[in-house]
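Subject: Structure handover and notes

Hello,

Please find the structure below, with my notes after it.

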Amino acid sequence: QVQLVESGGGSVQAGGSLRLSCVASGLSYSTYWMGWFRQAVGKEREGVAAIHSGGCTPSYADSAKGRFTVSKDNGKNTLYLQMNSLKPEDNGLYYCAVTGPWFGCDNRARSPREFKYWGQGTQVTVSP
């Protein structure tokens with residue numbers, strides 16, 4: 001049974017930083033994409049960043065480029081999202097997700113529909 005547990009959310013002022021973590025357990029395969037998504041109240045869930053277990057160049061939403069960094073510690077089965085220069089528009093519930101077995105870098109997992117397992121989310125609140 002795959003489990004994803006996020007942590008690290010909180011409340012910060014604009015310009016501040018947060019580091020989200022997601023611990024994965026129960027994965028029976030070693031090649032996949034892991035990603036961060038967020039959902040604000042009244043809006044659809046959107047992708048923020050994703051990274052492949054095999055070392056492909058990470059993917060970022062345009063809104064995250066230059067401010068957020070996604071990384072993964074394979075030894076700890078942990079996914080991270082370092083978020084700097086936070087803005088009020090970054091508010092939302094941040095989810096960690098993982099695809100099923102996924103080989104190669106050319107076909108990148110981006111849509112929430114492509115991710116099979118999800119965590120419960122961690123709230124990020126950025127005040128002006």
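Thr 99 counts as buried because its relative accessibility is 0% (buried means under 20% relative accessible area, exposed over 50%, partly exposed in between, with a 1.4 Å probe and protein chains only). This is a predicted model, in which local features need pLDDT of at least 70, side-chain atom pairs count only at pLDDT 80 or more, and totals for chains, interfaces and linings use all residues. Residues are numbered from 1 along each chain as its sequence is written, and side-chain values use heavy atoms, with hydrogens and water left out.

Thr 99 sits in the loop that runs between β9 (92-98) and β10 (117-118); helices (H or I, at least four residues) and strands (E, at least two) are DSSP runs, numbered from the N terminus. Beyond its neighbours within four places in sequence, Thr 99 is in contact with Tyr 29, Tyr 32, Trp 33, Ala 109, Glu 114, Phe 115 and Lys 116, where contact means heavy atoms within 4.5 Å. Tyr 117 is 18 residues from Thr 99 along the chain, and the two C-alpha atoms are separated by 6.6 Å.

Salt bridges

How many salt bridges does a search of the whole structure find? The search finds four, a salt bridge being a side-chain nitrogen of Lys or Arg within 4 Å of a carboxyl oxygen of Asp or Glu.

Arg 38 takes part in a salt bridge with Glu 46, with the closest N and O atoms 2.7 Å apart. Arg 38 itself is buried, at a relative accessible area of 6%, while Glu 46 is partly exposed at 36%. Arg 38 also forms a salt bridge with Asp 90, at 2.9 Å from N to O. That pair links distant parts of the chain, 52 residues apart: Arg 38 is in strand β4 (residues 33-39) and Asp 90 is in the loop between β8 (78-83) and β9. Asp 90 counts as buried, its relative accessibility being 0%. Another salt bridge joins the side chains of Asp 62 and Lys 65, at 3.2 Å from N to O. Asp 62 is exposed, at 66% relative accessibility. Through shared partners, salt bridges join Arg 38, Glu 46, Arg 67 and Asp 90 into one network.

Aromatic rings

There are five aromatic pairs in the structure. Rings of Phe, Tyr and Trp (its six-membered ring) pair if their centres lie within 6.5 Å; planes under 30 degrees apart count as stacked, over 60 as edge-to-face and the rest as tilted.

One of the pairs is Phe 37 with Trp 118: the ring centres are 4.9 Å apart and the planes are at 55°, so the pair is tilted. Phe 37 belongs to strand β4 and Trp 118 to strand β10, and the pair links these distant parts of the chain, 81 residues apart. Phe 37 is buried at 2% relative accessibility, whereas Trp 118 is partly exposed at 25%. Trp 118 also pairs with Tyr 95, with centres 6.2 Å apart and planes at 80°, so this pair is edge-to-face. Tyr 95 is in strand β9 and Trp 118 in strand β10, so the pair ties together parts 23 residues apart in sequence. Tyr 95 is buried, with a relative accessible area of 11%. Phe 37, Tyr 95, Phe 115 and Trp 118 make up one aromatic cluster.

Which residue lies over the face of Tyr 95? Arg 45 does, at 3.8 Å from the ring centre. In the same way, Arg 19 lies over the face of Tyr 80, at 4.0 Å from the ring centre. A charge sits over a ring if NZ of Lys or CZ of Arg is within 6 Å of the ring centre and within 35 degrees of the ring normal.

Strands

Strand β1 (residues 3-7) pairs with strand β3 (residues 18-25) in the antiparallel sense, over five bridges; two strands pair if DSSP finds at least two bridges between them. Leu 4 has Ala 24 in β3 as its bridge partner. β3 also pairs with β8 in the antiparallel sense, over six bridges, and Cys 22 has Leu 79 in β8 as its bridge partner.

In a regular strand the side chains alternate between the two faces of the sheet. The covered face of β1 holds Leu 4 and Glu 6, and the uncovered face holds Gln 3, Val 5 and Ser 7.

Regards
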